[in-house]
Amino acid sequence: MGGVSIARFLVFKVDELTCAVPVHRVREVLPALPVTRIPGAASPVSGMVSVRGELVTLLDARTALQQNAGTDRYSIVLLESDRCRFALAVDEVVDMVSVGEDDFSPRAALPGVRSPFVSGIGVHHEVSFAVLDIDVLSTAVMPSEEVV
């Protein structure tokens with residue numbers, strides 16, 4: 001008898017959009033920190049934040065996911081991709097959930113979400129959420145060098 005694969009996610013809000021990232025990629029959740037702007041930084045980079053003396057690039061989830069501009073109130077989710085550590089500014093951390101493999105569908109299942117950063121859609125207690133691809137999202141921090 002085969003077991004059902006279960007995945008755990010940190011769920012958060014970005015404007016009216018409910019999103020999630022795999023828990024194993026989350027290093028910690030922090031309150032808003034002072035941001036040092038980076039002149040000429042590409043969107044969605046907000047700047048750099050200092051996390052216990054380590055400078056970490058902060059991405060604005062609203063900009064990355066093409067949502068409405070936000071307020072100054074936000075939380076920071078510190079993430080680890082295969083390429084780098086970075087921070088994501090989100091409106092509100094909601095919960096940590098466990099979801100079975102049958103509760104996932106392609107990203108086309110959530111109308112209005114066309115971001116390349118979304119890998120799929122999950123459902124927990126009849127609430128749909130956009131699952132963010134941390135490795136793709138990290139390309140906003142460290143773009144791949146193109147070979148000519």
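## Strand pairing and the open sheet

Leu 10 stands opposite Met 96 of strand E8. The model is predicted. Strand E1 covers residues 6-14 and pairs with E8 in the antiparallel sense. Eight bridges link E1 and E8.

These two strands belong to an open sheet of six. Its order is E8-E1-E2-E11-E10-E9, and the pairing is mixed. E8 (92-100) and E9 (104-105) are the edge strands. Each has a single partner strand, so one side of each lacks a neighbour in the sheet. Strands of a sheet pair through backbone hydrogen bonds, in either a parallel or an antiparallel sense.

## Overall make-up

The protein has two helices and eleven strands. Along the sequence the pattern reads β-β-β-β-β-α-β-β-β-β-β-β-α.

The protein counts 148 residues, and 41% of them are buried. Take the contacts between residues at least 6 apart in sequence: 55% join residues at least 24 apart. The exposed surface comes to about 8,600 Å². Carbon and sulfur atoms supply 51% of that area.

## Nonpolar cores

The largest nonpolar core holds 27 residues. Leu 88 and Leu 132 touch the most other members.

## Cysteines

How many disulfides does the structure hold? The count is zero. A disulfide is a covalent bond between the sulfur atoms of two cysteines.

Cys 19 is buried, because its relative accessibility is 0% and the cut-off for buried is under 20%. Cys 84 has 11% relative accessibility, so Cys 84 counts as buried too.

## Backbone exceptions

Most residues other than glycine have a negative phi, and most peptide bonds are trans. Two residues and one peptide bond deserve a look here.

Asp 15 has a positive phi, near 60 degrees. Asp 15 sits in the loop between E1 and strand E2 (17-22). Is Asp 15 buried or exposed? Its relative accessibility is 16%, so Asp 15 counts as buried.

Glu 126 also has a positive phi, near 65 degrees. Its place is the loop between strand E10 (118-124) and strand E11 (127-132). Glu 126 has a relative accessible area of 79%, so Glu 126 is exposed. The cut-off for exposed is over 50%.

The peptide bond between Ser 43 and Pro 44 is cis. Its omega is about 10 degrees. Pro 44 is found in the loop between strand E3 (26-31) and strand E4 (45-51).

Terms used
Residues are numbered from 1 along each chain as its sequence is written. This is a predicted model: local features need pLDDT of at least 70, side-chain atom pairs count only at pLDDT 80 or more; totals for chains, interfaces and linings use all residues. Side-chain values use heavy atoms; hydrogens and water are left out. Two strands pair if DSSP finds at least two bridges between them. Helices (H or I, at least four residues) and strands (E, at least two) are DSSP runs, numbered from the N terminus. Buried means under 20% relative accessible area, exposed over 50%, partly exposed in between (1.4 Å probe, protein chains only). Contact means heavy atoms within 4.5 Å. Accessible areas come from the Shrake-Rupley method with a 1.4 Å probe; for residues, only the protein chains shown count as cover. A nonpolar core is a set of buried Ala, Val, Leu, Ile, Met, Phe, Trp, Tyr and Cys residues joined through side-chain atoms within 4.5 Å. A disulfide is a pair of cysteine sulfur atoms within 2.5 Å.
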